[in-house]
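My entries follow the order in which I went through the structure.

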Amino acid sequence: MAWLELSFANTNEVVADLLADALGQVGFNSFSQNEDTLLAYIEEASFSKEALDEVLKRPVFHEVEWVSTEVVPEKNWNEVWESNYDPVIINSRCRVRAPFHQPDPNYEFDLLIEPRMSFGTAHHETTALVMQLMFQYPPAGKHLLDMGCGTAILAILGMKMHALSAVAIDIDEWAYANALDNVELNQVSSVSVEMGDAQTIGHRTFDYILANINRNILLADIRHYTQALLSGGYLILSGFYTEDLEAIRQEAASSCLTYVEHLSLNNWVAAVFYRR
């Protein structure tokens, strides 16, 4: 069976995750990233240039460049993927692992995440930063909302940290299905996984909201999060760069949210806001 290896340039980690997710929906089933280049693999018989062109037309991929296509020999893709996927440790208390990793009783929180092609394995700085802030601002006893949930890793951690309930929402169908599986895999109760955007929140209210998406969506939706955030509640935002923090802070202030603090790693930021 012949395989194709397609190389895409100008893909930072966030764009690479989004592109891998989109390519997974048109037949690609393995990926590897090296700095700003994403390698994507597909069976030659399943490849459709027309389907790929439709993916690359999306505005979010306007800077992505399809650099090359090569025929490669058949590989054991599970073995390749597993060899490049290590558990992640957060705050010395939480270990995020895949099903093929053995559990480690030395950690208080054991999160089992089957990532497939959804964002949220704690390997990316933004997910790790939000998780660190969750330990600084525990969601115990709170009703939690996880917007742009991806794998639902944040909602799952929230429930393991004794949140009262969690709603996990993502606009992507692939992420929605993956989140459902991860919730079941971790045997966490009171998690409702839904597909949609900020409009899906409706008139529901929460006292702890997480949104790890991107700058533009956050700026557009902060007002929705504020409407859903109860007095005394926390909003934790991530998915943007250090240079975007001031714009995020100003938009939050216009929605009567108080900036508390932020963490940064490799120019990525996660920030905490409070509603009085």
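I began with Met134, which touches Pro139, Leu144, Leu154, Leu157, Gly158, Met161, Tyr208 and Leu210, not counting residues up to four places away in sequence; contact here means heavy atoms within 4.5 Å. I note that this is a predicted model, in which local features need pLDDT of at least 70 and side-chain atom pairs count only at pLDDT 80 or more, while totals for chains, interfaces and linings use all residues. Residues are numbered from 1 along each chain as its sequence is written, and side-chain values use heavy atoms, with hydrogens and water left out.

I then looked up the largest nonpolar core, which has 42 residues, and found Met134 listed with Cys94, Val96, Leu111, Met131 and Leu157 as those with the most contacts inside it. Helix H4 (residues 125-136) gives the most to this core, with seven residues. Such a core is a set of buried Ala, Val, Leu, Ile, Met, Phe, Trp, Tyr and Cys residues joined through side-chain atoms within 4.5 Å; buried means under 20% relative accessible area, exposed over 50%, and partly exposed in between, with a 1.4 Å probe and protein chains only. Helices (H or I, at least four residues) and strands (E, at least two) are DSSP runs, numbered from the N terminus.

I also noted a second, separate core of 26 residues, which includes Ile201, Leu218, Ala228 and Ile248.

**Charged pairs**

Next I asked how many salt bridges there are by the rule of a side-chain nitrogen of Lys or Arg within 4 Å of a carboxyl oxygen of Asp or Glu. The count comes to six.

I looked up Asp244, which forms a salt bridge with Arg215, the closest N and O atoms being 3.1 Å apart. Asp244 lies in the loop between strand E12 (229-241) and helix H8 (245-254), and Arg215 in helix H7 (residues 215-228), so the pair ties together parts that are 29 residues apart in sequence. Asp244 counts as buried at 13% relative accessibility, whereas Arg215, at 31%, counts as partly exposed.

For Glu108 and Arg93 I recorded a salt bridge at 2.8 Å, N to O. Glu108 sits in the loop between strand E6 (94-97) and strand E7 (109-112), and Arg93 in the loop between strand E5 (88-90) and E6, so this pair ties together parts 15 residues apart in sequence. Glu108 is exposed, with a relative accessible area of 51%, and Arg93 is partly exposed at 30%.
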